[in-house]
Amino acid sequence: MTDLNTCRAEDILLRRRALRRELAAREGLSDVRIAVLSGSTTEQFCAILELLLLDSGFRPEFHQGHYNRYYEEAVLDTSELQAFKPDIVYLHTSSRNIQHQPTIDCTEANLHTFVDEEIARWQEIWDSLQQTFRCQVIQNNFELPATPVLGNMAAVAPGGDARFVQQLNIRLAEEAGQRQTLLIQDSHSISAQVGLKHWFDTDRFFSYKILHTPEAQLALARSLASMVRAIYGRSRKVLLLDLDNTLWGGVIGDDGVNGISIGRETPEAEAYTAFQQYCLALRERGVLLAVCSKNDDAVARTGFTHPDSVLKLEHISCFKANWEPKHENIEAIARELKLGVDSFVFVDDNPAERAIVRAQLPQVAVPEVGASVSQYPAIIDAGRYFEPATLVKEDFQRAAQYAANAQRETQAAKFANYGEYLDSLDMHAEIAPIQPVYFERVAQLTNKSNQFNLTTRRYTQAEIEALARDRSHVVLYGRLTDRFGDNGLVSVVIGRQEADTMQIDLWLMSCRVLKREMENAMLDALVEEAKERGLKRLVGRHLPTPKNGMVAAMYPGLGFARAPHEENLPEGSSVWMLDLDSYAPQTKHIHRPELAHA
Amino acid sequence: MPDLSPDTVLQDLQPIFQEALNDQQIVVTRVSSAFNTPNWDSLAHIDLIEMVELHFKVKFALGELHEMKNVGDMVDMIIEKKEDD
């Protein structure tokens, strides 16, 4: 059976009747009566929509208004509509149907009168439908014009057609916010996804008054079907996730928590992190997350303890990791969550698992996600599985967190000084002796950091591991998060204890956190470590390279004093010393817990 | 598309007409047209043109659609377009 969520328009057009026969033969379809009032000819659109609704468990009956008489049929002569008794009225128009486009000499002050006039016509339609039918109304907002005659100015000038479309769309959104029965279909973004070049079909418009390409009709129909599902409470509610090579790269049972790919350190890890963030964003708007993985339960859970894991166990509403077939686990999850499997979307990188779930539990949506996790959010999004009809409080329990983020915009305004700006970043540092999970990243940083790197010493992973075990050395790593997200592991300092002195063999930092006070935080931590060991001073060196000029003055900037020159250093090197007795912590704008000592 | 002749094109058109006109039994000939063929109304015509364009990977211009009076015209236009490729 063709996957109607992802197939091309021609897959549907070439075998429409056969598909219809197949889909209409299914049992348990619920009736829905949809009136389509349109500014163009709608037979082909309704034929496509019918297939999608049948596929969603509805048996639609359509009333199609006459070409371009949507206003008359909704307001003046409602007899046909009344006889039809619609459950849903779909007002299907386009920017071609705009009637009060301002003239090119329109001023900023006059623009709103044109918007008002255009909206007044729609208000008449909505009021009439509300009074006469009390049914749900869905109206699309407007796509941008395909041929804006003013070029870029079309989006700027008060008389520009692109500008007018955007003003209208904002007003439509405001109206929808005040009218319970009005839902807006976002044609503006749907047309952007398809592309305006592939949206309007002028030949078909001139020939048959069909405005859109088959591709555009299919995109509109898919979106409308998702809105109908949402209205009837049939949007999906649960995202079921595989683990290995879906939520993180690698196999946790083989690679261990330190070996899986997640975080910021490789392109692959970034892609898994982005997918986890997408999952978390869905959860924060009310979609439940569940895990369905072939794994040892205890081992699988350790994946969520990885410091870079965006998803934590607390985000997972139901966790099934075992060696039973996945479709059996999915049924168990349905029982535990007290939801039908028809509210599930299953995501797994393994095509064999997808196939068996699809075969055993056809009600579960199983998007063909492929094996490239960077594409997963777009593929899942294209399925429109989780369309909300309304947003209610329970949908965003984390609204407070969002509110904090939203302040970013307002705070960007002005700061009295740099410190105030740093405070606004809400920075938190985690600085500690290295753990095994960071061996690879730290070795990698020592080999690729050239600018903020005082000695440019390179280490292999084996050497880092050896230093970590050596009591006379300390390898400190620093991670920094701020309001904009997690910057990952950004700084490394290696100290070597020699009599009553801590020699600083390596000090490096990623340039993405330059001028954030992170070097001060690292110094505070290093001092704490040195004092804990009963040492008197720190000694550090700047060994110049063509690339590390930016840190030539770092030590004096941090309060180090010039120490006697050493013979065997490269030309231009300098040696610096810090006395620990008189040291006062320097970090003012980064939150950081004191170094924990085992 | 190999071996494109008036006969093979007509043969290829049969299942398309059967689908567009919703009649599994129908067989069209070069003289079939909207006037002498059941179910070939304006809406079926839209589907038909769409499906023919998709199947043969051709695109009819507005003027050509206007000149197309029967199945024979359609067959000849398809061959002409494929030869120009």
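What percentage of the 598 residues in chain A is buried? Then take me through strand S13 of chain A and its partners.

Author: This is a predicted model. Buried residues account for 38% of the 598 residues in chain A. The chain holds 22 helices and 17 strands. Its C-alpha atoms fill a box of roughly 100 × 65 × 40 Å along the principal axes. Take the contacts in chain A between residues at least 6 apart in sequence: 70% of them join residues at least 24 apart.

Now the part you asked about. The domain assignment gives chain A domain 1 (9-231), domain 2 (238-396) and domain 3 (418-591). Start with strand S12 of chain A, residues 485-498. S12(A) runs antiparallel to strand S13, residues 501-509. Eight bridges join the two. One pairing to find on screen is Val493(A) with Trp507(A), its bridge partner in S13(A). S12(A) and S13(A) form a hairpin, with two residues between them. Look at Ala499(A) in that turn: its phi is positive, about 55 degrees.

S13(A) also pairs with strand S14 of chain A, residues 537-542. Here the sense is parallel, and there are four bridges. Ile504(A) has Gly540(A) as its bridge partner in S14(A). To get from S13(A) to S14(A), the chain passes through helix H21, residues 518-532. This β-α-β crossover is right-handed. As you step along the strands, keep one rule in mind. In a regular strand, side chains alternate between the two faces of the sheet.

For a point elsewhere in the chain, take Ser293(A). Ser293(A) sits in strand S7, residues 288-294 of chain A. Why does Ser293(A) count as buried? Because 25 other C-beta atoms lie within 10 Å of Ser293(A), and the cut-off is 20 or more. Beyond its neighbours within four places in sequence, Ser293(A) is in contact with Asp242(A), Leu243(A), Ala300(A) and Ala321(A). Leu514(A) is 221 residues from Ser293(A) in sequence. In space the two are 41 Å apart, C-alpha to C-alpha.

The C-alpha centres of domain 2 and domain 3 of chain A lie 38 Å apart. Seven residues from domain 2 and five residues from domain 3 make the contact. On the domain 2 side there are two nonpolar, three polar and two charged residues.

Chain A also touches chain B. There, 12 residues of chain A are in contact with nine residues of chain B. On the chain A side, the elements giving two or more residues are helix H1 (9-14), helix H3 (43-55) and helix H9 (202-208). H9(A) gives the largest share, four residues. By class, the chain A side has six nonpolar, two polar and four charged residues.

Last, confidence. Chain A has a mean pLDDT of 90, and 95% of its residues reach 70 or more. Among its elements, strand S9 (residues 344-347) has the highest mean, 97. Helix H17 (residues 399-411) has the lowest, 40. Over residues 393-412 of chain A, pLDDT stays under 50. For that stretch the model has 10 contacts beyond four places in sequence. Where pLDDT is low, the predicted coordinates should not be read in detail.

Key:
Residues are numbered from 1 along each chain as its sequence is written. Chains are lettered from A and ligands numbered from 1 in the order in which they are written. This is a predicted model: local features need pLDDT of at least 70, side-chain atom pairs count only at pLDDT 80 or more; totals for chains, interfaces and linings use all residues. Domain bounds come from an automatic or database domain assignment. Two residues are in contact if their C-beta atoms, placed from the backbone, lie within 7 Å. Ala, Val, Leu, Ile, Met, Phe, Trp, Tyr, Cys and Pro count as nonpolar, Asp, Glu, Lys and Arg as charged, and the others, Gly among them, as polar. Two strands pair if DSSP finds at least two bridges between them. A crossover is right-handed if, with the strands pointing away from the viewer, the path from the first strand over the helix to the second runs clockwise. pLDDT is the predictor's confidence in each residue, from 0 to 100. A residue is buried if 20 or more other C-beta atoms lie within 10 Å of its own, exposed if 12 or fewer, and partly exposed in between; C-beta atoms are placed from the backbone.
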